Amino acid sequence: MMIWPMVVAAVVSAVCAVVGTMLVVRRMSLLGDAIGHGVLPGIVVAVLAGGRPGGMLSTLGAVAAAVLTVWAADAVRRRARLSEDAAAGVVFTTFFAVGVVLISLYASRVDLDPGCVLHGILELAAADTVSILGVMVPRPLVNGLVALAVVVAFLAATWPAQVFAAFDTDAARVVGVPVGIATTGLLAMTAVATVASFEAVGAVLVVAMLVVPAATAELLFRSLGRVMAAAVAIAVTSAVAGYLAAWRWNTSGAGMIAVVLGLGYLAAVLVAPGEGIIPRLAGKAWLVWRVACEDVLAAAWRREEAGGVVPTAPGGLLASLAGSWLRLRGKVEGPIARPALTDAGRGEAETIVRSHRLWEAWLGRNVELPVDHLHPPAEWVEHYLGADVRKRIEEEVGAASSDPHGREIPTERG
Amino acid sequence: MTAQDRLESLLSHNTLVVAGGVAAVGVAAAVVGCFGVLRRRALVGDAAAHATLPGIAAAFALTGRRELWVLLAGAAVSAIASLGALSLIRRHTRTRDDAATAIVLGVSYGAGIAAISGLVARGVAGSAGLEAFLLGSTAALTLHDSLLVAAISAVVVAVVLAGLKEATLVAFDPAFAAVAGWPVGWIDAVLVALTASMVVAALPTAGAVLVTAMVVIPPAAARQWTDRVPTMLGIAGFVGLVSSLAGVAASALVPRLATGPAVVLASAAVFLASLGARFLRTSWRPPGVSES
């Protein structure tokens, strides 16, 4: 394993994550893709003119090509009656094709490997070294650090405008925030990040580096600052993990980094607190379980009230499981099919029946429903009423101590 | 090259075989691409195109075979899987559509690159040929392969023409179509599947990275000439045909010029000309007549 390629990967991933966060929150992800492809002819022309991939000239060429890509996509969208994505699709594929044709026609003069263009070669990029204070440091690392400094400095200088433009572009424009400058600058920074990572990850995979860390971080955090910090952390971790995986299985570093980023996004989709698929399913399952338990308790209370006869006892597997669990907790006793309340369970059961009958009383007073239609809504609502709501309903329905069916409403327990 | 050599190169058996396959693919990709452009989903095909790579690598690794139909079958499976993933992300997460497309595109492409590089690094015989699917390579297209992609193209065009009314309705007014009782979700799914099929069939021509141009640029050019869907399909198909043939011819005449990028540049030229022509036409209209 070589340490330098890993460091290069981590630094360029961090640059991309910083810029990509702004692209993602501004819904400009596809411009990142377009710029990734669109810089190619700029770099090739710069190399034909005597520049070095990753050098000053090719950076300038890339930024110029990126600005041209974005300008052309916008012009095509407006002039050609096309949607934004179709216009971008026309422009960036054309630019990329121009780059590919130039490379193949001038292959003898352009020191660009086709594989390098598409997906970068980390080891090759890191082998191109430059001496700094006597230490041989990979040139792409130096470029990456410079790009990081430029990008961070630009965002710091325009931060309030960036944030305003990100959340409400129109309002920002109305109050005089220079949205155009903020946006153009952001696109230029995208070009800087793209060209800094070009040798390491190529023209196509840069879109993964730009978008996936920020999209993952967005699922975990809400504030822009935290999303950006998390995106950088995710990007650096994935770069290291992806590079190690590529070294272990002897394959493309950039490809494996993209795969690790994808796995990270998948993990966030599954387990993100509050909105991940697993927490949401768990929340639903817990609700179903709580309702089942409360139904068993309420049925037992009604059976007690009626002296042992109740026509609508909850049945089925879920009810028996809930009954077993309540018996284990000491809230009911006796057979699972017809459990009896213990003193520990009676209070809880009474609260549920109280919620149910209060709701029926409230509906009976305020909603024109036949008496036999009051039960089903109350059967749902009984699980959601808190003590304060019960108190307010009781105040409203007044001293009525019975529900519309004439049954007594239990009093609130301390 | 002398004039004689050029003519021979253009009319060689190999060039004609390639031209037949590429032209069929060019027409069909352009026709089905019209609905992506009208439906504002031009880049869904791009995500599917990048996602074909893991399927190609997997098909090769599992079967050890390199026949085009085996690899394209793998490509189709992973393209469809990526579209499924895209639809799941859109439905079940907070991630916005543009980021979702970029995620699917970037990650599946990365997986494909990792898989192909891994196979090449292990020296698996024939694995280096898989890299031809990155940018396309028509040199190795046999008569059999050409017939295969032409057959896929014919089926796709037939399905589009058979469902023209439904597809048009959904492209312009999905809300009305839904209210009127049309299965909008299914029609959309069929259109996306047809686009994915054409992306797969066009892979040998343009490769995963550039294939989206064959689905987007001819419809964008046709849009400059007409507001009617059937006419747009016809013009797009014609643009696809002309640019495919021009690309094949250019690649046969110019050494080292690959077919895929040449086809893309030809269609881009037609697009620019169409855009210019619309400007001339509209600027000649008498004042007071607004553009339709």
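## Surroundings of A:L220

Leaving aside neighbours within four places in sequence, A:L220 is in contact with A:A230, A:A268 and A:A272, where contact requires that the C-beta atoms of two residues, placed from the backbone, lie within 7 Å. A:L220 itself lies in helix 10 of chain A, helices here being DSSP runs of H or I with at least four residues and strands being runs of E with at least two, numbered from the N terminus. A:L220 is partly exposed, with 18 other C-beta atoms within 10 Å; on this scale a residue is buried if 20 or more other C-beta atoms lie within 10 Å of its own, exposed if 12 or fewer, and partly exposed in between. From C-alpha to C-alpha, A:L220 and A:V271 are 9.3 Å apart in space, although 51 residues separate them in sequence.

This is a predicted model, in which local features need pLDDT of at least 70 and side-chain atom pairs count only at pLDDT 80 or more, while totals for chains, interfaces and linings use all residues. Residues are numbered from 1 along each chain as its sequence is written, and chains are lettered from A and ligands numbered from 1 in the order in which they are written.

## Helix 2 against helix 10 in chain A

Helix 2 (residues 29-48) of chain A packs on helix 10 (residues 179-220) of chain A at an angle of about 90°, with their axes 8 Å apart; the axes are lines fitted to C-alpha atoms, for helices over the stretch in contact, and angles run from 0 to 180 degrees between N-to-C directions. That makes the two helices roughly perpendicular, a class that spans 65 to 115 degrees, whereas angles under 35 degrees count as roughly parallel, over 145 as roughly antiparallel and the rest as oblique. Among the residues that make the contact are A:I35, A:V39 and A:I43 of helix 2 and A:L187, A:F198 and A:V211 of helix 10. The residues of this contact divide into 15 nonpolar, 6 polar and 1 charged, with Ala, Val, Leu, Ile, Met, Phe, Trp, Tyr, Cys and Pro counted as nonpolar, Asp, Glu, Lys and Arg as charged, and the others, Gly among them, as polar.

A:A34 is also found in helix 2 of chain A, and this residue is buried, with 29 other C-beta atoms within 10 Å. Not counting residues up to four places away in sequence, A:A34 touches A:T69, A:A73, A:A88, A:V91 and A:F92. The C-alpha atoms of A:A34 and A:V90 are separated by 9.9 Å, with the two residues 56 residues apart along the chain.

## Nonpolar cores

The largest nonpolar core has 218 residues, and those with the most contacts inside it are A:V15, A:V211 and B:I103; such a core is a set of buried Ala, Val, Leu, Ile, Met, Phe, Trp, Tyr and Cys residues joined through C-beta atoms within 7 Å. Helix 10 of chain A contributes the largest share of this core, 27 residues. Apart from it lies another core, of 15 residues, among them A:W301, A:A322, A:V332 and A:V353.

B:I103 touches A:V211, A:V212, A:A215, A:Y265 and B:I89, again not counting residues up to four places away in sequence.

## Where chain A meets chain B

In total, 53 residues of chain A are in contact with 46 residues of chain B. On the side of chain A that touches chain B, at least two residues each are supplied by helix 2, helix 4 (84-105), helix 5 (114-119), helix 10 and helix 12 (253-271) of chain A, and helix 4 gives the most, with 13 residues. The residues of that side divide into 33 nonpolar, 13 polar and 7 charged.

Strand 1 (residues 129-132) and strand 2 (residues 135-138) of chain A run antiparallel and are joined by 4 bridges, strands being paired if DSSP finds at least two bridges between them. The bridge partner of A:S131 in strand 2 is A:M136. The two strands form a hairpin with 2 residues between them, and A:L133 in the turn has a positive phi of about 55°.

A:R81, in the loop between helix 3 (56-79) and helix 4 of chain A, has a positive phi of about 55° although it is not a glycine, and A:R81 is partly exposed, with 16 other C-beta atoms within 10 Å. In chain B, B:R256 has a positive phi of about 70° and is likewise not a glycine; B:R256 lies in the loop between helix 13 (229-253) and helix 14 (259-283) and counts as exposed, with 12 C-beta neighbours inside 10 Å.
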